[in-house]
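Here is a short briefing to read beside the sequence and the 3D view. Keep both open while going through the points.

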Amino acid sequence: MELLSGADMLIRSLQDEGIEYIYGYPGGAALHIYDALFRQDKVKHILVRHEQAAVHMADGYARATGKPGTVLVTSGPGATNTITGIATAFMDSIPMVVLCGQVASTLIGEDAFQETDMIGVSRPVVKHNLSVRHPEEIPEVVAKAYYIAATGRPGPVVVDIPKDMTTPNERYEYLYPKKVKLRSYNPAIRGHAGQIKKAVDMMVAAKRPVIYAGGGVVLGKASKQLADLAHLLGCPVTNTLMGIGGFPASDKQHIGWLGMHGTYESNMVMHHSDLILCVGARFDDRVTNATEKFCPGARIVHIDIDPASISKTINADVPIVGPVDAVLKEMIGLVKESAEKPDAEALAAWWKQIEEWRAFHGMRYETSDTHIKPQEVVEAVWRLTGGDAYVTSDVGQHQMFAAQYYKFDKPNRWINSGGLGTMGFGLPAAMGVKLNFPDDEVVCFTGEGSIQMNIQELSTCKQYNLPVKIVNLNNQALGMVKQWQDMNYESRHSQSYMGSLPDFVKLAEAYGHVGIRIDKKEDLEPKLKEAFAMKDKLVFLDIYVDPYEHVYPMQVARGSMKDMWLSKTERV
Amino acid sequence: MRRIISVLLENEPGALSRVVGLFSQRNYNIETLTVAPTEDETLSRLTVTTTGSDRVIEQITKQLNKLIEVVKLVDLTEGAHIERELMLVKLKATGSQRAEIKRTVDIFRGQIVDVTSTVYTVQLAGNSEKLDAFIQSVGTSGVLEVVRTGVSGIARGEKVLSL
């Protein structure tokens, strides 16, 4: 058997795990590992400018491909800088392995230079974390980390590696485990047959059914099954923010996404339904609004791989624990076999009502002769990219506009921090996607607040030639904060304006990219075209949009799902 | 409602902190917590008493089960069970108090395990209410120090919590 040092074992394990790219930043405690990395060429390392960005890059990659991303950082500040990225991935159940250097085991607990208890610090925001206690364990620990990260409800796993575990001249036998088995971790591989049958009977009998599909459909690669089931049942389908693309936006059964800034029709459908089939979503507070007023007439079937997501905030009448693809497949079979067919008459009446709601509002905004509306920028980008780009976003109004007005027909294309709401996510996530899909169009919607939280990564984009398109919806304010201040604080705009914004065009140029400023309505389309024609260039589009625009619809705080503001003056 | 949850946990460094951390992260109560290795050296057994609505208790057991190092758990209060807690109490014992304390200790089936000219140290086992009742009987004014282990529990009958 081969003898390898701990550092070489670590890198070899990544090779055996099939990892092509890792994202990171070196430092003292990780130097043996970086040396091992240098002496091979299978695993390629992307050097970011701040560790948080490394995590978001790995995250973007994971969301676009469904495979776990990998991060390598040093101890102390290197490790703590990853925390926001890890928490982002944790909230959205994104598979990821974060390898952190640590001071030598003999120094742990002595407040050594760059020592942080990363196991303790990361504990509340990881699916699991592991520390290496002997170099020989490294292959097993790495295999376990990837297995835990990618199976069941996915999530980030941190591996803490004290420097003396990677000493170059201490060599051990290397063997990468073919299979990982943990007696205490056995994610469900199928749902309970009796529960599935019961659910199908309810779905077929329902008069006003709706499918409420979340990020679990995207993560669980179940879009095909979801579409098949929805078509068999003939019912409306709404997505969560995380589930966008899990069901095609162009499908006539699609009613848009739901919740705080969801469509009027999807929130109305939810509130008036008699049966909700929740597929891989978690009745998050941004969806349900006040839980005690949530969908009073609906019985609820909830499919989720994570039992703890079921009946956490909203009680499920029929809980089904299992992977969504397997459960949906079984449901499809049962619906096909069922002697009872969906009630065509009831469904026709239901759709008539839904179309009325759609006609009443749908997605609309007021255009202006003077200002560029952020919504029209998103629509133009959608048209120019054929609706087929990978779209990442930061957090705030621009995120909502992008999600509302870019119509996604495919899963894994809409990449945003839904759960944690991390500003600074968009650019590095776009970089992670572009690196792995160099031939695809990758667009990052951002705002002048968010982009400045990780703007240093423009440098990384130059080094690795990552020609993403950055669409900065510049409203010269922290738009979502300002909107809430307009609505709830009598327009007292406390700290939501930033003075002295940089000249983003010059800034992009300083980093070696192209910057384009758009502040006239008539320039929008031609300049966007110009930008998207530059296939091999990163273009920073600084677009001055209407600073007074609000995101609508917006649910009324503490109301039910049907209580919404549809514009600054219309409340239903 | 008060519940006693018994957990078999991988006997690994850090496993206990995950359990304790979970309770504080999610705003659950811990009333008592005991943990010790079992006859199988790879496992620890942890007993936690907590209170909460049915929904909260369901979440607690589900969230505990989600921890990778939790191998198995049972809510003992769902069935017939035995619970015990051990208490050591240091009591001021001078003059006529000495006989009175001795009598009370006997009634509670406790033992005086250490004696000085002014102090008795009493050992008492039982369920938590019994220990509370003892403290009440001797009166808090004479109590110098109390140490309790927290609740341990086991199901009655043939039900066992094992791999």
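**Helices on the chain B sheet**

Helix H1 (residues 15-25) of chain B lies across strands E1, E2 and E3 of chain B. Its direction runs at about 150 degrees to E1(B). This is a predicted model.

- The open sheet of chain B has four strands, in the order E2-E3-E1-E4.
- Pairing in this sheet is antiparallel.
- E2 and strand E4 (70-75) of chain B are the edge strands, and each pairs on one side only.
- On average, neighbouring strands of the sheet are turned by 15 degrees against each other, direction ignored.
- Strand E1 (residues 2-10) of chain B pairs with E3(B) in the antiparallel sense, over nine bridges.
- Glu10(B) stands opposite Leu43(B), which belongs to E3(B).

**Two domains in chain B**

- Chain B splits into domain 1 (2-79) and domain 2 (82-152).
- The centres of domain 1 and domain 2 of chain B, taken over C-alpha atoms, are 29 Å apart.
- Six residues from domain 1 of chain B and five residues from domain 2 of chain B make up the contact.
- On the domain 1 side of chain B, strand E2 (32-37) and strand E3 (43-51) each supply at least two of the residues that touch domain 2.
- E2(B) gives the largest share of that domain 1 side, with three residues.
- By class, the side of domain 1 of chain B that touches domain 2 has two nonpolar, four polar and no charged residues.

**A helix pair in chain A**

- Helix H11 (residues 264-272) and helix H14 (residues 344-360) of chain A have axes that come within 8 Å.
- The axes of H11 and H14 of chain A cross at roughly 145 degrees.
- The crossing of H11(A) past H14(A) is right-handed.
- H11(A) brings Tyr264(A), Glu265(A), Met268(A) and Val269(A) to the contact.
- These residues meet Ile354(A), Trp357(A), Arg358(A) and Phe360(A) in H14(A).
- By class, the contact of H11(A) with H14(A) has six nonpolar, no polar and two charged residues.

Key
Residues numbered from 1 in each chain as written. Chains lettered and ligands numbered in written order. Predicted model: local features only at pLDDT ≥ 70, side-chain atom pairs only at ≥ 80, totals over all residues. Domains from an automatic or database assignment. Contact = placed C-beta atoms within 7 Å. Nonpolar A, V, L, I, M, F, W, Y, C, P; charged D, E, K, R; others polar. Axes fitted to C-alpha atoms, helices over the stretch in contact; angles between N-to-C directions. Left-handed = near helix turned anticlockwise from the far one by under 90°. Pairing = 2+ DSSP bridges.
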